[in-house]
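Here is a briefing for a reader who is meeting this structure for the first time. It begins with a single residue and then widens to other residues and the whole chain.

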Amino acid sequence: MPTAAFAPIAERLAAVRARIAEAARRAGRPADAVSLVAISKTHPAAAVEAAIAAGQRVFGENRVQEAEAKFPALKARYPDLRLHLVGPLQTNKARNAVRLFDVIHTLDRPRLAEALARAMDQEGRRPTLLVEVNIDAEPQKAGIAPEAADGFIADCRARWRLAPVGLMCIPPAGADPAPHFARLAAIAERNGLKELSMGMSDDFEIAVARGATLARIGTAIFGPRER
Ligand SMILES: *Cc1c(COP(=O)(O)O)cnc(C)c1O
């Protein structure tokens, strides 16, 4: 049973769900068009269990190792739990990621595509894939450059037999995210990709208005992370 320390999680989860539903309604989209990915990084398994007790089944982590410590036991107890990787993936962790995650949001370079294709063959397991786009083309950031996205998606399909279903982005901090979300939606549209992983605690309503189908929300559900 979740302890009292995690009691606010159920309330915050309900509030986030209501805000997503309202943002979808205002945008003329059905409430179930947006799937909430509860980002539990740095929070203990007990916090995840509090969210599970409140009906949440889709979670996200940004590090393979942390997820490996927390989630296998939870997945064994809750077979309908789905785990998303939203952080950068090193090629030498591809096989571990394929084993544990159901959705990987951060496919962003040819060497990783090659490593994931091989890992999927070895593991006999094919997680759903999204391509991360470095939407503001910041040099230090993960993600494929926007102008290289079409070519990379085509290569994923033709060279590595991977079938990404959508795109993910993290807009720059401190700027209006709306144009970045719109640009991501345009790249997805012209490549025939349905899923848009965009929107975090501070901007998910804007992302929902721009067509997000996967909202990655941590702080607004689990509270602030210790640094
Ligand atoms: C941590 C993280 C989130 C959640 O961020 P919050 O601001 O806590 O909602 C979303 N996406 C990615 C890639 C993250 O690393």
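Leu214 counts as buried in this predicted model, because its relative accessible area is 8%, which falls under the 20% limit used for that class. The residue is found in strand 8, which covers residues 214-217. Leaving out residues up to four places away in sequence, Leu214 touches Ser35, Val37, His84, His105, Leu130, Glu195, Leu196, Ser197 and Met198. With one of these residues, Met198, the separation is 16 residues in sequence, while the two C-alpha atoms are 6.4 Å apart in space.

- Between Leu130 and Ala31, which are 99 residues apart along the chain, the C-alpha atoms are separated by 22 Å.

- Ala67 has its place in helix 3, and with a relative accessibility of 0% it counts as buried.
- Apart from neighbours within four places in sequence, Ala67 is in contact with Glu61, Pro72, Leu83, Leu100 and Phe101.
- The C-alpha atoms of Ala67 and Lys41 are separated by 8.1 Å, although these residues are 26 residues apart along the chain.
- The structure holds one aromatic pair, and the rings involved are those of Phe59 and Phe71, whose centres are 6.1 Å apart and whose planes stand at 45°, so the pair is classed as tilted.
- Because Phe59 lies in strand 2 (residues 58-61) and Phe71 in helix 3 (residues 64-77), the pair ties together parts that are 12 residues apart in sequence.
- Both Phe59 and Phe71 are buried.

**Residues in loops**

- Arg57 is found in the loop between helix 2 and strand 2, where its relative accessibility of 26% makes it count as partly exposed.
- Beyond residues up to four places away in sequence, Arg57 touches Ile52, Asp80, Leu81 and Arg82.
- Arg57 and Ala24 are 33 residues apart along the chain, and their C-alpha atoms are separated by 20 Å.
- Thr42 lies in the loop between strand 1 (35-39) and helix 2 (45-53), and its phi is near 70°, which is a positive value in a residue other than glycine.
- Ala137 is placed in the loop between strand 5 and helix 6 (149-158), and it has a positive phi near 50°, again in a residue other than glycine.
- Thr42 counts as partly exposed at 45% relative accessibility, and Ala137 is partly exposed with a relative accessible area of 45%.

**The chain as a whole**

- The secondary structure of the chain comes to nine helices and eight strands.
- The radius of gyration is 17 Å, close to the 17 Å that the globule rule gives for 227 residues, so the chain is as compact as a globular protein of that length.
- The C-alpha trace spans about 50 × 40 × 35 Å along its principal axes.
- Of the 227 residues in the chain, 50% count as buried.
- Among the contacts between residues at least 6 apart in sequence, 61% join residues at least 24 apart.

**Surface and charge**

- The chain exposes about 10800 Å², and carbon and sulfur atoms supply 51% of that area.
- There are 32 positive and 26 negative side chains in the chain, and the centres of the two sets lie 3 Å apart.

Terms used: Residues are numbered from 1 along each chain as its sequence is written. This is a predicted model: local features need pLDDT of at least 70, side-chain atom pairs count only at pLDDT 80 or more; totals for chains, interfaces and linings use all residues. Side-chain values use heavy atoms; hydrogens and water are left out. Helices (H or I, at least four residues) and strands (E, at least two) are DSSP runs, numbered from the N terminus. The radius of gyration is taken over C-alpha atoms; the globule rule is 2.2 Å times the number of residues to the power 0.38. Buried means under 20% relative accessible area, exposed over 50%, partly exposed in between (1.4 Å probe, protein chains only). Contact means heavy atoms within 4.5 Å. Accessible areas come from the Shrake-Rupley method with a 1.4 Å probe; for residues, only the protein chains shown count as cover. Lys and Arg count as positive and Asp and Glu as negative; His and the chain ends are not counted. The place of a charge is taken as NZ of Lys, CZ of Arg, CG of Asp or CD of Glu. Rings of Phe, Tyr and Trp (its six-membered ring) pair if their centres lie within 6.5 Å; planes under 30 degrees apart count as stacked, over 60 as edge-to-face and the rest as tilted.
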